[in-house]
Amino acid sequence: MTHITDHHHTGETVSEAGAYICTTGEKKDLHQGETFPECPSTGNSTTWTHASHAHRTGETVMESGHYLDADGEHVVLQQGEKFPSCPSTGESITWTHEQ
């Protein structure tokens with residue numbers, strides 16, 4: 001996994017405040033010093049990623065959800081899929097979570 005250091009697990013301490021998204025796509029605002037919680041929808045341990053984190057074409061989707069590319073095009077991706085190329089140009093592009 002190319003960006004595993006950007007992922008945080010239930011029980012770890014939050015080092016950077018902000019909005020985070022878990023593997024099921026649930027979003028939660030967390031403050032520095034808090035503990036990453038269990039998934040709000042499943043109640044199970046999960047992995048959290050900062051919502052403003054950017055993903056590149058070809059990386060593995062670590063959290064299911066809605067994503068936007070740099071051109072504003074929307075896709076819904078599931079955990080385990082690969083981030084696609086730009087739907088319009090076919091070029092490599094950056095994807096972010098839809099806010």
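Predicted model: local features only at pLDDT ≥ 70, side-chain atom pairs only at ≥ 80, totals over all residues.
Start with the fold. The protein has eight strands and zero helices. From the N terminus on, the order of elements is β-β-β-β-β-β-β-β. The radius of gyration is 13 Å, close to the 13 Å that the globule rule gives for 99 residues, so the protein is as compact as a globular protein of that length. Along its principal axes, the C-alpha trace spans about 40 × 25 × 25 Å.

Next, the packing. Of the 99 residues, 35% are buried. Take the contacts with a separation of 6 or more: 50% of them join residues 24 or more positions apart.

Now the charges. The protein carries 4 positive and 15 negative charges.

The chain is divided into two parts. Domain 1 covers 7-50, and domain 2 covers 55-98. Their centres, taken over C-alpha atoms, are separated by 21 Å. Seven residues from domain 1 and five residues from domain 2 take part in the contact between them.

Two residues give a local view. The first stop is T24. This residue lies in the loop between β2, residues 18-22, and β3, residues 27-30. Beyond its neighbours within four places in sequence, T24 is in contact with C39, S41, T42 and S64. T46 stands 22 residues from T24 along the chain. The C-alpha atoms of T24 and T46 are 8.5 Å apart.

The other stop is H66. Strand β6, residues 65-69, holds this histidine. Which residues does H66 touch, leaving aside its neighbours within four places in sequence? H66 is in contact with H74, V75 and V76, and also with T96, H97 and E98. H9 is a further reference point. H66 and H9 are 57 residues apart in sequence. In space, 21 Å separates H66 from H9, C-alpha to C-alpha.

Technical notes:
Residues numbered from 1 in each chain as written. Heavy atoms only, no water. Helix = DSSP H or I, 4+ residues; strand = E, 2+ residues; numbered from the N terminus. Rg over C-alpha atoms; globule rule 2.2 N^0.38 Å. Buried < 20%, exposed > 50% of the residue type's maximum accessible area, 1.4 Å probe, protein only. Contact = heavy atoms within 4.5 Å. Lys, Arg positive; Asp, Glu negative; His and termini not counted. Charge placed at Lys NZ, Arg CZ, Asp CG, Glu CD. Domains from an automatic or database assignment.
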